[in-house]
Amino acid sequence: SIASILSRSSRFLNLLLREERTLLERLQLTGGISAFCAGGSGIRIFTRSYAAADMCLEGSLLAGIIGGYISGLLTGVLCSIPAVLHGEYLAMPLYAAVGVLGGLLRDLAADPEDVWRISPFFDLSLYRLLRYPQERTRSLFQIAGLATILVAELMRYTLLHLFGGQYIFTLYDPGRGWANAAVFITTAFTVSIPIKIWGSARNERLLENKERMLVQARLNALSSQINPHFLFNTLNTVSSLIRTDPEKARLVVYRLSSILRRLLRKTDNFAPLRQELSFIEDYLSIEMARFGDKLRFVKQIDERTLDCQVPAMLLQPLIENSIKHGLSPKVDGGTITLESYFERRTEGLRLLLCVADDGIGIEDERLSSILEHPGIGVSNVNERLKVLFGASYRLSITSQKGEGTRTMIEIPA
């Protein structure tokens with residue numbers, strides 16, 4: 001129960017994630033464990049109601065295994081203070097020694113991750129020791145971990161007999177004989193169960209961190225797909241203009257440099273809609289230089305939406321698709337319309353973005369699979385939205401052959 005309570009502390013869990021800790025972090029780890037152990041010792045001594053609340057020996061050993069010598073030694077000293085004040089003078093040297101013993105065990109681990117595999121069940125370790133020679137080191141360490149716990153309890157049992165039950169607290173009953181073996185078994189579980197609980201919580205946090213890093217890498221990869229795609233299309237535009245209209249080519253290069261400068265400065269996955277619209281205007285000024293009056297652009301923007309955060313480079317691929325696949329094949333060109341507005345839904349306020357064109361449209365066969373089709377453009381946008389928003393977004397495409405295409409995006413405002 002105590003291990004579960006401690007694992008709910010984000011600060012304590014962050015300490016468990018680190019293999020190398022500063023002195024301050026070791027002190028914090030010590031404080032978290034020793035506070036509960038000293039409290040249990042106080043319950044045993046001053047209330048005399050629940051002797052098994054005293055887990056100072058187990059806590060000291062656990063602190064040594066998890067945090068090393070310093071944490072184990074300090075935990076042993078701090079949690080023994082109530083016992084020493086009660087006249088149990090062997091408590092401090094015993095618990096301190098046990099804490100150092102835990103640190104020694106930690107140093108034996110060939111891989112720091114092996115510490116989290118210590119278990120009271122040694123049968124599987126014995127099987128692996130015989131069956132898998134390549135895992136012999138790990139199996140031996142797991143057996144050594146269980147042996148260390150039993151040695152720590154044996155130290156307390158020895159002090160009990162050497163000093164006739166004085167100056168040290170134990171749960172042994174001299175008249176019980178072999179029944180006292182239950183104390184050794186209990187100590188093994190009291191040390192190993194927190195290791196399993198913290199190891200599990202630690203693995204969950206590590207998986208969350210790795211998943212976050214994976215999502216970030218995935219977003220970076222998707223963004224890097226878009227930018228070269230746009231760049232190469234723009235360079236083709238410049239190439240087609242440089243001989244026929246040098247002045248217009250110069251203007252396109254100037255616009256391109258402005259766009260590239262913004263892309264190089266861009267590091268976030270989100271940007272205000274206002275910035276995205278400015279980017280779109282620069283992009284369309286390049287395309288209009290090529291198409292002339294054949295390409296027209298209409299904005300229907302709700303002023304209240306301009307400060308909303310939207311995924312960077314979200315609209316440009318959609319507009320590029322409209323130009324390339326919708327309007328270019330038409331002899332007389334066409335119009336692209338961009339809309340933004342709010343709608344109140346049961347799940348909250350939603351931002352709707354719409355890119356529409358009056359181009360040649362998309363065939364029904366291709367439309368049905370366009371979001372699953374791998375490549376650059378609308379499928380890329382859909383993938384980015386899925387990574388960023390999970391199930392809280394909608395992307396729909398409607399099209400009529402010969403009449404145009406309408407792409408609607410709905411995201412949380």
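The following questions and answers concern a predicted model of one protein chain.

Trainee: How many helices and strands does the chain have?
Mentor: Both kinds of element occur in the secondary structure of this predicted model. The count is 15 helices and seven strands.

Trainee: What share of the contacts between residues at least 6 apart in sequence joins residues at least 24 apart?
Mentor: Contacts here are heavy atoms within 4.5 Å. Among the contacts in the chain that join residues at least 6 apart, the share with partners at least 24 apart is 72%.

Trainee: Are α5 and α7 roughly parallel or antiparallel?
Mentor: Helix α5 covers residues 69-79 and helix α7 residues 91-108, and their axes lie 7 Å apart. The packing angle is about 160 degrees. Angles over 145 degrees count as roughly antiparallel, so α5 is, relative to α7, roughly antiparallel.

Trainee: Which residue class supplies nine residues to the contact of α5 with α7?
Mentor: From α5 come Y69, G72, L73, G76, V77 and C79, and they meet residues of α7 including M92, Y95, G99 and D107. By class, four residues of this contact are polar and one is charged. The class with nine is nonpolar.

Trainee: At what angle do α3 and α5 pack?
Mentor: Helix α3 spans residues 23-47, and its axis is 8 Å from that of α5. The crossing of the two is right-handed. Their packing angle is about 35 degrees.

Trainee: How many nonpolar residues are in the contact of α3 with α5?
Mentor: On the α3 side, L23, R26, I33 and C37 are among the residues in contact. They face a set in α5 that includes I70, S71, L74 and L78. Five residues of the contact are polar and one is charged, while the nonpolar ones number 10.

Trainee: Is G164 buried or exposed?
Mentor: G164 sits in the loop between α9 (136-162) and α10 (181-241). Its relative accessible area is 64%. A residue over 50% counts as exposed, so G164 is exposed.

Trainee: How far apart in space are G164 and S71, C-alpha to C-alpha?
Mentor: S71 is one of the α5 residues that meet α3, and G164 lies in the loop between α9 and α10. In sequence the two are 93 residues apart. In space, C-alpha to C-alpha, the distance is 30 Å.

Key: Residues numbered from 1 in each chain as written. Predicted model: local features only at pLDDT ≥ 70, side-chain atom pairs only at ≥ 80, totals over all residues. Heavy atoms only, no water. Axes fitted to C-alpha atoms, helices over the stretch in contact; angles between N-to-C directions. Helix = DSSP H or I, 4+ residues; strand = E, 2+ residues; numbered from the N terminus. Parallel < 35°, antiparallel > 145°, perpendicular 65-115°, else oblique. Nonpolar A, V, L, I, M, F, W, Y, C, P; charged D, E, K, R; others polar. Left-handed = near helix turned anticlockwise from the far one by under 90°. Buried < 20%, exposed > 50% of the residue type's maximum accessible area, 1.4 Å probe, protein only.
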